[in-house]
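Please keep the sequence and the coordinates open while reading.

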Amino acid sequence: MAQQHQNTAGSNPGASATAVSRDESRFRQLLESAPDAILEVDVNGCIVLLNQTAEKMFGYSREELIGQKIEALVPAAMRHAHVGHRTTYTAHPQVRPMGTGLELKGQRKDGSLFPVEISLSPNRTGEGLHVIALVRDTSERKEAEDRLRAVREQLTAELKAKNELLESRNREVERANRLKSEFLASMSHELRTPLHTILGFSELLLEESDGPLNQKQKRFMGHILEDSRHLLELINEVLDLTKIESGRLDLHLAAFDFTGVVDEAISAIRRQSDSRRVQLENKTPLHATVYADRLRVKEIVYNLLSNAIKFTKDGGSVWIESLRNENFLQVAVCDTGIGIPAEEHKAIFDKFYQVGETTRGIREGTGLGLAITKHLVELHGGKISVESEPGKGSRFGFTLPLAKTDSGMQGHK
């Protein structure tokens with residue numbers, strides 16, 4: 001049947017012509033429906049074929065472009081150079097984009113320019129080498145890119161302005177903090193000087209070395225001395241905080257026995273616990289050698305003991321525990337006080353934060369004690385934490401580095 005079909009086709013030239021005509025029609029439809037402009041140029045640069053898209057893109061009719069030099073569609077300023085480019089391509093024809101890395105433009109009949117992308121392909125015909133140019137109008141994409149670039153530039157400019165404003169405000173804040181720290185440090189010093197005089201003379205008068213005082217006078221002097229000591233404590237807290245925040249608090253590290261510091265802190269605060277009938281003791285008098293700033297460690301212990309006593313009802317208990325753990329000493333200050341709600345466990349270490357009223361029904365202190373204590377512990381490379389429930393007391397734990405000569409004795413008391 002194949003032979004019969006060939007014979008039929010061969011004997012019917014009209015059918016063959018119809019098939020060719022149908023193929024040409026399909027090729028023409030494909031050419032005309034292409035979204036990009038398609039132009040075919042002969043070896044002399046004359047346009048021999050184009051589609052409807054090319055007509056619409058460049059604003060010429062098909063009749064106007066057929067036979068015209070391709071340079072008619074190139075910007076006037078580039079036409080002379082384009083002739084040379086065309087000659088070079090003809091000498092080495094290959095499928096490739098035109099003007100790689102360059103911003104190409106086409107020129108319409110009205111002289112307006114628009115951005116394009118062009119791909120070139122050689123087409124060898126019976127009439128010689130032809131070149132097919134596929135031209136894509138990139139105006140919309142270019143406009144979108146320009147809009148995006150403009151938005152980016154605007155955002156960059158706004159971000160730069162905001163960063164500059166933020167930097168300026170940061171400098172102002174830093175300057176204000178520095179001035180605040182300098183002011184507080186100066187005022188703390190100026191306040192402590194006369195306060196030490198008040199404390200000194202109050203203690204001398206209570207010693208009655210220059211004559212006895214009556215009970216009323218003794219009571220008054222006791223109030224003066226107690227409140228003066230309290231005021232000095234508050235001033236020292238403010239001064240410590242300013243030093244910590246400004247990075248000017250230097251630690252004087254040395255090896256010392258921790259139990260000795262605990263004994264000193266308990267002795268210093270014993271009067272406060274006795275007045276509240278709060279039992280105060282060191283339950284594990286562990287002779288551990290820590291490597292830290294002795295004065296600051298005493299301050300840590302004193303602050304935690306004082307805080308525990310404030311929030312423990314009369315007749316309650318406050319105690320301190322210690323335990324070696326690898327290279328650190330674990331310390332806990334515990335009490336049977338009113339406790340702290342779980343949602344406040346983190347906030348209590350913030351500056352000026354106060355949990356609530358003490359057992360006396362009033363707020364005491366500045367709310368700086370725990371904030372300073374946390375900073376001091378962390379300056380030693382330690383950590384501080386709290387375990388507490390309302391009505392079940394509190395347990396403040398912290399760590400201190402053991403001296404190298406002591407770190408190997410873990411577990412021994």
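## Helix packing

In which hand of crossing does α9 pass α10? The crossing is left-handed, a term used if the near helix is turned anticlockwise from the far one by less than a right angle, with clockwise giving right-handed. Helices (H or I, at least four residues) and strands (E, at least two) are DSSP runs, numbered from the N terminus.

Helix α9 covers residues 294–310 and helix α10 covers residues 369–379; their axes lie 10 Å apart, at an angle of about 145 degrees. Axes are lines fitted to C-alpha atoms, for helices over the stretch in contact, and angles run from 0 to 180 degrees between N-to-C directions. On the α9 side, Arg-296, Glu-299, Ile-300, Asn-303, Leu-304 and Asn-307 meet Gly-369, Leu-370, Ile-372, Thr-373, Leu-376 and Val-377 of α10. Contact here means heavy atoms within 4.5 Å. Sorted by class, 6 residues are nonpolar, 4 polar and 2 charged. Ala, Val, Leu, Ile, Met, Phe, Trp, Tyr, Cys and Pro count as nonpolar, Asp, Glu, Lys and Arg as charged, and the others, Gly among them, as polar.

## Model and confidence

This is a predicted model, in which local features need pLDDT of at least 70 and side-chain atom pairs count only at pLDDT 80 or more, while totals for chains, interfaces and linings use all residues. Residues are numbered from 1 along each chain as its sequence is written, and side-chain values use heavy atoms, leaving out hydrogens and water.

The protein chain has a mean pLDDT (the predictor's confidence in each residue, from 0 to 100) of 86, and 89% of its residues reach 70 or more. Residues 1–10 stay under 50 and have 0 contacts beyond four places in sequence. Residues 409–413 are also below 50, but this stretch has 10 contacts beyond near neighbours in sequence. Where pLDDT is low, the predicted coordinates should not be read in detail.

## Positive phi in loops

Most residues other than glycine have a negative phi. Glu-208, in the loop between α6 (139–207) and α7 (215–245), has a positive phi near 60 degrees. Glu-326 has a positive phi near 55 degrees and sits in the loop between β10 (317–325) and β11 (328–335).

Glu-208 counts as partly exposed because its relative accessible area is 26%, whereas Glu-326, at 54%, is exposed. Buried means under 20% relative accessible area, exposed over 50%, and partly exposed in between (1.4 Å probe, protein chains only).

## Cysteines

The structure holds 0 disulfides, a disulfide being a pair of cysteine sulfur atoms within 2.5 Å. Cys-46 is buried, at 18% relative accessibility, and Cys-334 is buried at 3%.
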